[in-house]
Amino acid sequence: MKNLLFSFFLIFIFCQVNAQNDLIANVYERQTISLNGNWKYIIDPYENGYYNYRYQPFDQQEAPGAGAFFNNSKSQSPSDLVEYDFDQMDDITVPGDWNSQKKELQYYEGTVWYKKSFDHTSSNNKNRLFVYFEAVNYKSEVYLNGKKLGTHVGGFTPFNFEITDIVKEKDNFLVVKVDNKRLKEGVPTLNTDWWNYGGITRDVRLVETSPTFIQDYFIQLNPENNQKIEGFVALNGAQKSDQKVTVTIPELNIAKEIITDATGRAEFGVSSKNIKYWSIENPFLYKVEITTGEATTTDQIGFRTIRTEGSKILLNNKPVYLRGISIHEESPLRGGRGYSKADAEKLLDWAQELGCNYVRLAHYPHNEQMVRLADQKGILVWEENPVYWTISWENEATYDNAQNQLSELISRDKNRASVIIWSMANETPNSTARNTFLEKLAQFTREKDSTRLISAALEQKNYQGSKTVRTIDDPFADVVDILSFNEYIGWYDGLPEKCETITWKIEQNKPVIISEFGAGAKQGLHGNKNERWTEEFQEDLYVKTLAMIDKVDKVQGISPWILVDFRSPRRVLPKIQEGWNRKGLIAEDGKKKKAFYILQQFYKDKEMSQ
Ligand code: GCU
């Protein structure tokens, strides 16, 4: 009974925590002020700035006093007792993880406090002001001028808080407690195969809006009617109901007037026979403008349809083979978490040099620059919720956390034509609790966005005990639109020649993506192809794996593991790994391995045969 009550308490807190985040869509086109740059930071492994000595949170005390770091206290007289001072601390750069910025924090998992001071003069004293974080890993408590704005859980999705009534003209102090501790009940959970980069890892900005503004919108092609553009607009503010909103798409001569309902939301649909569809070859983006009496926002939106038909994936009703690659979000330019347009350009340029028309952004939502650039470059995208390996399937609060992160991802990217697949999970062990968890996530996703496909890296096994026939063995296969699975025959399972003995039997009539295969190689290490860690071994595995999977008719795409070597605390083999997972086709210094050219040729041949 106690556990049940505790679960309800956690759910209540979680709902309170994340309910405030009515995400503002497309901050790039808003009136914003960047808070990027130097912040002050305090490392606080004992959370001494958050709990009093009786382990009670200061921000739940009537008078938290000078011990609470979020008060940014200063000694006012020689006798005052204040045991911290942000302004005497060193700087840390935002955006950016702390692990790659500060040597003493490379492996740190715990709390770091951030503080940014700023002045603010509103352009119109009737306007409203929000603070918008693109991502903070993993849990953040946010305060302005000593007042708690809220808490956010999840290291890879955006959130915002309104600060209209708290912000002052001078000497504001924004304080963020960031805690990247891995948690058994977390999403992801304790064990992952990537570096646990902590910090304010993406941009922070102030967003100024009119009193009633356009908070959210979804504008996409009807999945069943490619001459119908439909969606909704949602206003936020006192004058949000019964408001006239105009959605214009000038190049289609569309100017649709709609009236919001009592909740400030208006749905619409407009038809056009002249739509230029977004495609890989021609990633055409329309300028879309949404206006009310006092507010305007614009976006660049591509219109396309994506669906499956039997074992085919149809983009604009034409079969497409996904020539992909998996990518982790690490900056190829400076190491650490990627976040910038330059990081995204480098990664996607390498993917296109490889011959890709598709990328799998593993294993969590990447920064928004990646999907906006994919929209412009004509690259299809798989985005993934960090439900990875051994999640706490029975824990209600864990499910709510997973759903909230997925909801924030879909809210952020639902207008991006490049995004075609929402992935529910990666390599999760089959169980009743896990199937219930994933089925609920899938249902939630389809209700929130019916225009995209759902997948997940499923479980596979020997077919009816055979040693040479493999198949998908996963009840979630009946739920997803696209069957995907990771296979490591030749690396974790035998040696590369084993690929020559294996066939695949896919019983479901759905498209298949091989979401991972690969082998580790130290760039520059050469030898015989049976010597593990040489480039020749990795090259041979690619040759044999591509030959094996190319015989499977239902395979409509692959995203080999992985574009670039990436940091992982699990990988500690001296002289070879030393904290790096070496399955990249490119080393962290940008040098390509021999297997890169094997895959590049395979994609050239695949493109020619389409
Ligand atoms: C798994 C997993 C990856 C991991 C990879 C590996 O399939 O999905 O996150 O990095 O294998 O072992 O290198």
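I looked up Gln-405 and found a relative accessibility of 0%, so I log Gln-405 as buried (buried is under 20% relative accessible area, exposed over 50%, partly exposed in between, with a 1.4 Å probe and protein chains only). I note that this is a predicted model, where local features need pLDDT of at least 70, side-chain atom pairs count only at pLDDT 80 or more, and totals for chains, interfaces and linings use all residues. Residues are numbered from 1 along each chain as its sequence is written, and side-chain values use heavy atoms, with hydrogens and water left out.

**Gln-405**

I place Gln-405 in helix α4, residues 396–413 (helices are DSSP runs of H or I with at least four residues, strands are runs of E with at least two, and both are numbered from the N terminus). Its side chain makes a polar contact with the side chain of Asn-401 at 2.8 Å. A polar contact is a pair of N or O atoms within 3.5 Å; within protein, one must be able to donate a hydrogen and the other to accept it, and residues adjacent in sequence count only if both atoms are side-chain atoms. Not counting residues up to four places away in sequence, I find Gln-405 touching Tyr-138, Val-153, Gly-154, Gly-155, Thr-157, Val-187, Asn-385 and Pro-386 (contact means heavy atoms within 4.5 Å).

**Cis bonds and positive phi**

Tyr-138 came up again. The peptide bond from Asn-137 to Tyr-138 is cis, with omega near 15°. Tyr-138 sits in the loop between β5 (128–133) and β6 (139–144). I logged a cis bond between Trp-561 and Ile-562 as well, with omega about 25°. Ile-562 is in the loop between β32 (555–558) and β33 (566–567). Most peptide bonds are trans, and most residues other than glycine have a negative phi. Asn-316 is not a glycine, yet has a positive phi of about 55°. I count Asn-316 as buried because its relative accessibility is 19%. Trp-533 has a positive phi of about 85° and lies in the loop between β31 and α6.

**Leu-525**

Leu-525 is in the loop between β31 (512–516) and α6 (535–549). Leaving aside neighbours within four places in sequence, Leu-525 contacts Trp-533, Thr-534, Glu-535, Glu-536 and Ile-576.

**Ligand site**

Which residues come nearest to the ligand? Of the 14 around it, I list Asp-193, His-363, Glu-427, Tyr-492 and Lys-583. I checked ligand oxygen atoms against polar side-chain atoms. His-363 has an N or O atom at 2.6 Å, Tyr-388 a polar atom at 2.7 Å, and Asn-581 an N or O atom at 2.9 Å. Taken alone the ligand exposes 320 Å², and the protein buries 97% of that (accessible areas come from the Shrake-Rupley method with a 1.4 Å probe).

**Helices α2 and α7**

I followed α2 (residues 341–354) to α7 (residues 594–609); their axes come within 8 Å and cross at roughly 65°. Axes are lines fitted to C-alpha atoms, for helices over the stretch in contact, and angles run from 0 to 180 degrees between N-to-C directions. From α2 I find Trp-350, Glu-353 and Leu-354; from α7, Phe-596, Leu-599, Gln-600 and Tyr-603. Ile-598 is also in α7. With a relative accessible area of 22%, Ile-598 is partly exposed.

Note on methods: Near = heavy atom within 4 Å.
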